[in-house]
Amino acid sequence: METTTVKPRLTLSGLAWPIMVETALRTTLTSVDTFMLARYADEAAAAVGMVQQFVFFVMLIYMMGATGASILVSQHLGAGDERTAAEIARTALFYNLVVGVLLSLGLRLIVDPLIASLGVDATVGGYARDYLYVYFSCSVFQAMSLLLASLVRSYGYSSIPMYVTFGANLLNVAGNYLVLFGPGGFPVLGVKGVALSTVISQAAGMVALFIVVLRRPYLDFLRGFSANWRHVRNILRIGGPSAGENLSYNLAQMALLYLITPMGTAAIASYTYTVNISRFSFIVSLSLGRASQILVGHRVGAGENDRAFREVLRTTAAAMVSSLLAMGTIALFRMPVIHLLTADEEIVRITSELLLWAVILEFGRPINLVVISALKGAGDALFPVIVGVLMMWGISVTGAWFFGIVLSWGMGGIWLGKLLDEWLRGFVMIGRWVSRRWEGRSFVETRRETA
């Protein structure tokens with residue numbers, strides 16, 4: 001599988017800015033459903049925001065293959081082994097397709113017991129069921145689009161997923177407008193229509209990525225149908241712990257949701273709005289982390305460990321500053337932003353307080369976003385899982401329960417638990433990177449580093 005086209009030159013900025021735009025677009029794609037539904041009904045917005053945790057849980061399963069394959073492909077490309085990189089990519093595609101089809105067929109069977117376990121009122125529960133029935137049934141589109149985007153970025157073409165995501169966003173927004181407001185007599189389908197709009201946009205993005213990959217000579221991993229299933233073991237060795245760390249985080253967020261639910265619809269809506277608004281503050285940090293993961297994979301594959309070490313430290317500092325500035329600006333103008341979403345004074349009051357807490361939380365989050373991604377790129381995927389599980393549950397969930405429920409600090413206490421987890425876990429992760437114990441964990445034989 002030799003290539004005939006020179007591969008793109010990899011730089012942090014060259015990888016990061018398209019990923020940043022794509023991340024902003026993906027964040028918008030996730031948040032736009034909630035924001036547009038806020039104009040439809042607060043209960044609908046609360047329901048969709050609530051079930052986004054379950055949607056993210058499914059995404060993590062698919063990201064297991066995507067993350068593992070992306071890191072392995074990056075390391076082999078860095079080492080100059082393009083044939084093996086293409087073989088790994090094809091294997092990952094078959095793996096995600098099988099998993100996606102099986103989950104799409106089986107997930108809808110658990111929707112009713114899942115919603116019932118939340119104990120929400122009938123209106124919110126009905127909206128949640130409508131959304132999950134549609135989304136779960138078509139989740140295979142997300143499985144394939146996530147993997148394709150990850151593989152394309154590993155090859156250095158980070159701008160391609162950006163353009164595809166932009167088109168998917170436009171399609172999703174247009175679809176939401178049609179099904180929520182019914183222009184020209186179009187049937188108003190409510191939450192079910194919003195779910196349909198989301199999965200249709202994901203399917204369109206998947207098709208677009210397949211077309212682009214087939215037309216790029218350097219992206220030759222679709223040229224042939226063979227797959228070597230021994231690569232699945234290595235994909236899961238990286239992707240499994242990586243997904244496990246994210247899975248632990250998501251389950252912890254679900255546990256927080258169970259703590260919040262008895263506080264009422266206003267608390268659920270406020271939490272939903274705060275989470276969605278705060279996402280925009282760490283777009284740069286998340287993008288720098290994802291770019292670092294790709295770059296570290298290539299650097300480690302090429303034996304350039306010292307270069308990777310220095311780059312990650314500089315990237316972490318830049319990410320923290322960007323997140324502080326972004327969240328500080330959001331907090332400064334929080335009231336007009338909140339009033340765009342709701343007129344309920346109780347929701348406005350709670351959301352306003354949470355956004356102030358979020359300034360401190362988001363200043364610490366970039367340490368985890370960048371350094372954990374770098375550790376994964378180097379092949380050190382197990383350590384973040386162990387630390388993550390211990391701290392997310394021992395500090396975030398336990399702290400939220402203690403401060404929010406036991407001390408009756410309400411939503412402020414919930415947020416304090418999240419804040420302490422992000423900062424303490426970040427200190428441990430930066431210590432791991434500085435210790436350089438991640439060296440020697442690559443999945444390829446690296447070349448000796450030159451001065």
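Trainee: Which residues form the nonpolar patch on the surface?
Mentor: Leu171, Tyr177, Leu178, Phe181, Phe186, Leu189, Leu196 and Ile200, with about 680 Å² of accessible area together. Patch members have over 30% relative accessible area and no salt bridge; nonpolar side chains (Val, Leu, Ile, Met, Phe, Trp, Tyr) are joined within 5 Å, like charges within 9 Å. The areas come from the Shrake-Rupley method with a 1.4 Å probe, and for residues only the protein chains shown count as cover. This is a predicted model: local features need pLDDT of at least 70, side-chain atom pairs count only at pLDDT 80 or more, and totals for chains, interfaces and linings use all residues. Residues are numbered from 1 along each chain as its sequence is written, and side-chain values use heavy atoms, with hydrogens and water left out.

Trainee: Which helix gives the most to the patch?
Mentor: H7, with four residues. Helices H7 (159-181) and H8 (190-215) each supply at least two. Helices here are DSSP runs (H or I, at least four residues), numbered from the N terminus.

Trainee: And where is phenylalanine 186?
Mentor: Phenylalanine 186 is in the loop between H7 and H8. Its relative accessibility is 35%, so it counts as partly exposed; buried means under 20%, exposed over 50%, and partly exposed lies in between (1.4 Å probe, protein chains only).

Trainee: New topic. How many residues of H14 are buried?
Mentor: 25 of its 33 residues. H14 covers residues 345-377 and bends by about 35 degrees at valine 359. That bend is the angle between axes fitted to the seven residues ending there and the seven starting there.

Trainee: What comes just after H14?
Mentor: Glycine 379, which takes a positive phi of about 95 degrees.

Trainee: How many salt bridges are there in the whole structure?
Mentor: A search finds 16. Each one is a side-chain nitrogen of Lys or Arg within 4 Å of a carboxyl oxygen of Asp or Glu. Arginine 153 pairs with glutamate 22, the closest N and O atoms being 2.8 Å apart. That pair links distant parts of the chain, H6 (residues 140-154) and H1 (residues 12-38), with the two residues 131 apart.

Trainee: Is glutamate 22 buried or exposed?
Mentor: Buried, because its relative accessibility is 2%. Arginine 153 also counts as buried, at 12%.

Trainee: What does glutamate 346 form a salt bridge with?
Mentor: Arginine 349, at 2.8 Å between the closest N and O atoms. They are three residues apart in H14, so about one helical turn separates them.

Methods: The expected span of a helix is 1.5 Å times one less than its number of residues.
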